[in-house]
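User: I would like to learn how to read a protein model, one feature at a time. Please give me the general idea first and then the case at hand.

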Amino acid sequence: MTAAGDAARARSLANARASAGAALADATKRAAQETAADRATTAAHPRIADVPSPVWTSPVTGSCRGSSTAGYPNGLIPRSALCPLWGASNHVLRSDATAAFNRLSQASAQEFSSPICVTDSYRTLAAQIDVKQSKPALAAIAGTSRHGLGIAVDLGCGVESAGSAQFTWLKRNAALYGWLHPAWAERQNGPFEPWHWEYTG
Ligand SMILES: [Zn+2]
């Protein structure tokens, strides 16, 4: 072992420590900015109920901020503008719909011990064309679905059955978070789709 080798190792260790310190400072700053942004979002949406003590440790909104979907045609919103759902991260919605849905899902988890089950969310134009071909009576005309705007979900684990405890709970609570079961999807208006819910803000 040489003195030169020792010096080089000491230098690289010091460099690694310095960059770890800088990364930590960056992360701390980002977290503070995100907390401030969360407060601003909550203040702007007083209808979204606070969940005082979430039973789940993962963040309600995560770090996803998405971006504006304005100007994008139905079903052609870039993935980078959308945010994943809590407990169903393979599903995405417009960022404001995601934040509200995640709070709703947290509240539901306090009642039913698990996040709301999601079977469908944002639907691309190509997927809308496929669904219309396979379920012509149930699917919207391709390019007009609220799934294509990133503001509709299809739900499972009980919600798909009207009269279930899960469906009844959602009917009672979803509006507190800006979500609803639209009138056209009610039994008397047909087609009856208890699983389909929309964000109205
Ligand atoms: Zn649907």
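Predicted model: local features only at pLDDT ≥ 70, side-chain atom pairs only at ≥ 80, totals over all residues.

User: What span is expected of helix α2, and what does the helix reach?

Analyst: The expected span is 1.5 Å times one less than the number of residues. Helix α2 covers residues 95–112, which is 18 residues. From first C-alpha to last it reaches 25 Å, close to the expected 26 Å.

User: Is Ala 152 buried or exposed?

Analyst: Count the other C-beta atoms, placed from the backbone, within 10 Å of a residue's own: 20 or more means buried, 12 or fewer exposed, and anything in between partly exposed. Ala 152 is buried because 23 other C-beta atoms lie within 10 Å. In α2, 14 of the 18 residues are buried. Across the protein, buried residues make up 29% of the 201 residues.

User: Which residues is Ala 152 in contact with, leaving aside neighbours within four places in sequence?

Analyst: A contact means that two C-beta atoms, placed from the backbone, lie within 7 Å. Ala 152, which is in strand β4 (residues 152–155), is in contact with Arg 146, His 147, His 196, Trp 197 and Glu 198.

User: Which strands pair with β6?

Analyst: Two strands pair if DSSP finds at least two bridges between them. β4 and β6 (residues 196–199) pair in the antiparallel sense over 3 bridges, and Asp 154 has His 196 as its bridge partner in β6. Strand β5 (residues 179–180) also pairs with β6 in the antiparallel sense, over 2 bridges. There, the bridge partner of Leu 180 is Glu 198.

User: Which residues of the largest nonpolar core touch the most other members?

Analyst: A nonpolar core is a set of buried Ala, Val, Leu, Ile, Met, Phe, Trp, Tyr and Cys residues joined through C-beta atoms within 7 Å. Of the 30 residues in the largest one, Leu 93, Ala 100, Phe 101, Leu 104, Leu 155 and Trp 179 touch the most other members. The largest share of this core, 6 residues, comes from α2.

Technical notes
Residues numbered from 1 in each chain as written. Helix = DSSP H or I, 4+ residues; strand = E, 2+ residues; numbered from the N terminus.
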